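Please look through the structure shown here, one region at a time. The text below goes from a sheet to the helices and then to a few single residues.

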Amino acid sequence: MRHLLNPLDFSVEEIDDLLALARDIEKNLPRYAHVCDGKKLATLFYEPSTRTRLSFEAAMMNLGGNVLGFSSANSSSAAKGESVADTIRMISCYADICAMRHPKEGSAFVAAQKAEIPVINAGDGGHQHPTQTLTDLMTIRSLKGRLDNLTIGLCGDLKFGRTVHSLISAMVRYPGVKFVLISPPELRIPDSIREDVLEANNIPFEEVGNLDDALGSMDILYMTRVQKERFFNEEDYIRLKDCYILTRKKMKLAKPDMYILHPLPRVNEISVEVDDDPRAAYFKQAQYGVYVRMALIMTLLEVEKPC
């Protein structure tokens, strides 16, 4: 039995296989409509989510399976003080696989230690978000035709952004990748990512404060929102929340084939006028997330690909 807690839990070769399966699902969706008949996915979401929770549910339903679970801690026995360990033991009696989001780092690891079913980390605090990373990898490969020899800009909340941390950890395994890290000083990438991931793997990167100056050099721009829920001080959030706003005018500085990604939800860091730009790929990215999660559920449940 395998879990997915960290994007590095899968080798590069295994990720290639999973993305190939997701691509086949995209092209032949009706063929996969019954591969998980009789299977149940439990979605344990201790903090709010729209895209991740619903895409997991859509993925399982597309495979012919069923879904049960909760969408907030207040609607679960966590409100009564039940531990994650006890919850996952109980859920293991009801479901075949579990997707869990929790505000505390390491919660998915604790769940995996006690579970009798595969556990998928759907986001744990500011730590990791591996299924978003798989979605990002599929999006990049579909748009650019490769995952190597790319310059990737990451803009916004690089301190608390678990999607950023996970994407960097995954992309450093591909040759020729460079990063441009764009953030205010208060939201710079954590030392653990800078030193233990980027510097330890001799990955070229630069940290800059001005988005305009960096736009012309990038193949992918990964925008993120400043996350209000990660701040202890509302004054700091208000001061930083609008530090970067991507507009149609700014897009004139970018390459004709530079694509914009965003894990969503968007607040105002990407102007709605950019949505009509053919390089805006964030809604397509959300669709890819369903195919990737379908492929992941099949892989972890060891479900055979239909003939």
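Which residues of strand S8 (residues 220-223) lie on one side and which on the other, and are they buried or exposed? In this predicted model, Ile220 and Tyr222 lie on one side of S8 and Leu221 and Met223 on the other, and all of these are buried.

S8 belongs to an open sheet of five strands, in the order S7-S6-S5-S8-S9, with parallel pairing. The edge strands are S7 (205-208) and S9, each of which pairs on one side only. On average, neighbouring strands of this sheet are turned by 20 degrees against each other, direction ignored.

The partners of S8 follow from that order. Four bridges connect S8 with strand S5 (residues 151-155) in the parallel sense, and cysteine 155 stands opposite methionine 223 of S8. Strand S9 (residues 259-261) also runs parallel to S8, joined to it by three bridges. Here tyrosine 222 stands opposite leucine 261 in S9, and leucine 221 is opposite isoleucine 260 in S9.

Because five of the five residues of S5 are buried, the strand is largely enclosed by the rest of the structure. S5 also pairs with S6, in the parallel sense and over five bridges; leucine 154 has leucine 181 as its bridge partner in S6.

Which helices lie on this sheet? Helix H6 (residues 162-171) lies across S5, strand S6 (178-182) and S8, and runs at about 165 degrees to S5. Helix H7 (residues 191-199) packs on the sheet as well, touching S6 and S7, and its direction makes about 155 degrees with that of S7.

Next come helices with other surroundings. Helix H2 (residues 51-62) has twelve residues, and the distance from its first C-alpha to its last is 16 Å, close to the 16 Å expected at 1.5 Å a residue. Its buried residues are Thr52, Arg53, Ser55, Phe56, Glu57, Ala59 and Met60. An α-helix has 3.6 residues a turn, so residues three or four places apart point the same way. The cover over the buried residues of H2 includes strands S1 (40-45), S2 (66-70), S3 (97-102) and S4 (119-124), together with helices H5 (130-144) and H11 (282-300). After H2 comes glycine 64, whose phi is positive, near 95 degrees.

H5 also packs with another helix. Two packed helices are described by the angle between their axes and the distance between the axes. For helix H1 (residues 12-27) and H5, the axes come within 11 Å and cross at roughly 70 degrees. H1 and H5 are therefore roughly perpendicular to each other. On the H1 side, the contact involves Ile15, Asp16, Leu18, Leu19, Ala20, Ala22, Arg23 and Glu26. On the H5 side, it involves Leu134, Leu137, Met138, Arg141 and Ser142.

Isoleucine 88 is found in helix H3 (residues 84-91) and counts as buried, at 0% relative accessibility. Not counting residues up to four places away in sequence, isoleucine 88 touches Leu44, Cys98, Ala111, Lys114, Ala115 and Val119. Isoleucine 15 is 73 residues from isoleucine 88 in sequence, and their C-alpha atoms are 26 Å apart. Serine 107 lies in helix H4 (residues 107-114); at 7% relative accessibility, serine 107 is buried too. With the sequence neighbours up to four places away left out, serine 107 touches Val84, Met100, His102 and Asp124.

How many disulfides does the structure hold? It holds zero. Cysteine 93 is in no disulfide, and the nearest cysteine sulfur, that of cysteine 98, is 13 Å away. A disulfide is counted here for sulfur atoms within 2.5 Å. Cysteine 93 counts as exposed, at 63% relative accessibility, whereas cysteine 155 is buried, with a relative accessible area of 0%.

How values were computed:
Residues numbered from 1 in each chain as written. Predicted model: local features only at pLDDT ≥ 70, side-chain atom pairs only at ≥ 80, totals over all residues. Heavy atoms only, no water. Buried < 20%, exposed > 50% of the residue type's maximum accessible area, 1.4 Å probe, protein only. Helix = DSSP H or I, 4+ residues; strand = E, 2+ residues; numbered from the N terminus. Pairing = 2+ DSSP bridges. Expected span 1.5 Å × (residues − 1). Contact = heavy atoms within 4.5 Å. Axes fitted to C-alpha atoms, helices over the stretch in contact; angles between N-to-C directions. Parallel < 35°, antiparallel > 145°, perpendicular 65-115°, else oblique.
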